[in-house]
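Subject: Structure handover

Hi,

Here is the structure I promised to pass on to you. Please open it alongside this message, and my notes follow below.

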Amino acid sequence: MKSEEGKLQLPILNLPEIQSKISEREQKFWIFDSLRKKELVLTPEEWVRQHWISYLISNLNYPKGLLTLEKGLKYNQLQKRTDLVVWNTEGKPYLLIECKAPQVPINQKTVEQACLYHHQLQTEYLILSNGLVHISLQWLYEEKKFIQLKKFPEAPK
């Protein structure tokens with residue numbers, strides 16, 4: 001994310017541009033997270049996550065109050081954290097988004113990791129994204145399988 005001159009070079013993603021507050025201190029770049037209302041270290045994965053937050057709220061009209069970042073859950077005695085969870089208006093998990101850095105391919109390992117989180121949360125929708133490639137899935141409860149969607153799920157009702 002830094003050029004040879006030490007300047008910040010952010011990858012262009014396959015998501016709408018965002019208005020972000022970026023600062024530099026302690027020899028790191030930081031980005032302001034509007035959901036948690038604090039600065040976070042600007043990693044490639046965080047850059048993708050912040051784009052998704054903005055896209056859901058600004059473009060798909062998801063209510064900001066239904067989004068949760070890095071929700072903790074346990075799997076096989078291990079503490080894990082989801083990247084982004086959207087809840088429906090009844091307080092049930094609706095959409096899980098697993099974010100990866102742009103240079104990380106969306107492959108079988110990524111799908112398996114997201115499915116572990118999905119198994120715990122039982123969301124209706126799952127999105128896998130590295131900011132460049134996005135896979136949108138819907139869980140069919142009766143058939144116990146995912147189907148791939150051509151678009152992203154609408155905001156929960």
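A residue is called buried here when its relative accessible area is under 20%, exposed when that value is over 50%, and partly exposed in between.

**Confidence**

The average pLDDT over the protein chain is 89, and 90% of the residues score at least 70. Strand 9 has the highest confidence, at 97, while strand 5 (residues 72-75) has the lowest, at a mean of 50. Where pLDDT is low, the predicted coordinates should not be read in detail.

**Overall layout**

The protein chain has two helices and eleven strands. Read from the N terminus, the elements follow the pattern β-β-β-α-β-β-β-β-β-α-β-β-β. Of the contacts between residues at least 6 apart in sequence, 48% join residues at least 24 apart. The chain exposes about 9300 Å², and carbon and sulfur atoms supply 49% of that area.

**The sheet and its helices**

Six strands form an open sheet in the order 4-7-8-9-10-11, with mixed pairing. Strand 4 (67-69) and strand 11 (145-149) are at the edges; each has a single partner strand, so one side of each is left without a neighbour in the sheet. From one strand to the next, the twist averages 25°.

Within this sheet, strand 7 (residues 84-87) and strand 8 (residues 93-99) pair in the antiparallel sense over four bridges. One of the residues involved is Val-86, whose bridge partner in strand 8 is Leu-95.

**The N-terminal hairpin**

Strand 1 (residues 22-25) and strand 2 (residues 28-33) also pair in the antiparallel sense, over four bridges. Ser-23 stands opposite Trp-30 in strand 2. Two residues lie between the strands of this hairpin, and Glu-26 takes a positive phi near 55° there.

Trp-52 is part of helix 1. With a relative accessible area of 0%, Trp-52 is below the 20% limit and therefore counts as buried. What does Trp-52 contact, leaving aside its neighbours within four places in sequence? The list is Leu-15, Leu-84, Ile-97, Cys-99, Ile-127, Ser-129, His-134 and Phe-152. Leu-84 is 32 residues from Trp-52 along the chain, and their C-alpha atoms are separated by 8.7 Å.

Asp-83 sits in the loop between strand 6 (78-81) and strand 7. Asp-83 is buried too, with a relative accessible area of 5%. Its side chain makes a polar contact of 2.7 Å with the side chain of Arg-49. A polar atom of the Asp-83 side chain also lies 2.7 Å from the backbone nitrogen of Cys-99.

Ser-136 belongs to strand 10 and counts as buried at 4% relative accessibility. The side chain of Ser-136 reaches the backbone oxygen of Lys-151 at 3.0 Å. Not counting residues up to four places away in sequence, Ser-136 touches Leu-126, Ile-127, Ile-147, Gln-148, Leu-149, Lys-151, Phe-152 and Pro-153.

Most residues other than glycine have a negative phi.

Asn-61, in the loop between helix 1 and strand 4, has a positive phi of about 60° although it is not a glycine. Asn-61 counts as exposed, at 58% relative accessibility.

Gln-122 is in the loop between helix 2 and strand 9, and its phi is near 55°, again a positive value in a residue other than glycine. Is Gln-122 buried, partly exposed or exposed? Gln-122 has a relative accessible area of 32%, which makes it partly exposed.

Best wishes

Notes. Residues are numbered from 1 along each chain as its sequence is written. This is a predicted model: local features need pLDDT of at least 70, side-chain atom pairs count only at pLDDT 80 or more; totals for chains, interfaces and linings use all residues. Side-chain values use heavy atoms; hydrogens and water are left out. Two strands pair if DSSP finds at least two bridges between them. Axes are lines fitted to C-alpha atoms, for helices over the stretch in contact, and angles run from 0 to 180 degrees between N-to-C directions. Buried means under 20% relative accessible area, exposed over 50%, partly exposed in between (1.4 Å probe, protein chains only). A polar contact is a pair of N or O atoms within 3.5 Å; within protein, one must be able to donate a hydrogen and the other to accept it, and residues adjacent in sequence count only if both atoms are side-chain atoms. pLDDT is the predictor's confidence in each residue, from 0 to 100. Contact means heavy atoms within 4.5 Å. Accessible areas come from the Shrake-Rupley method with a 1.4 Å probe; for residues, only the protein chains shown count as cover.
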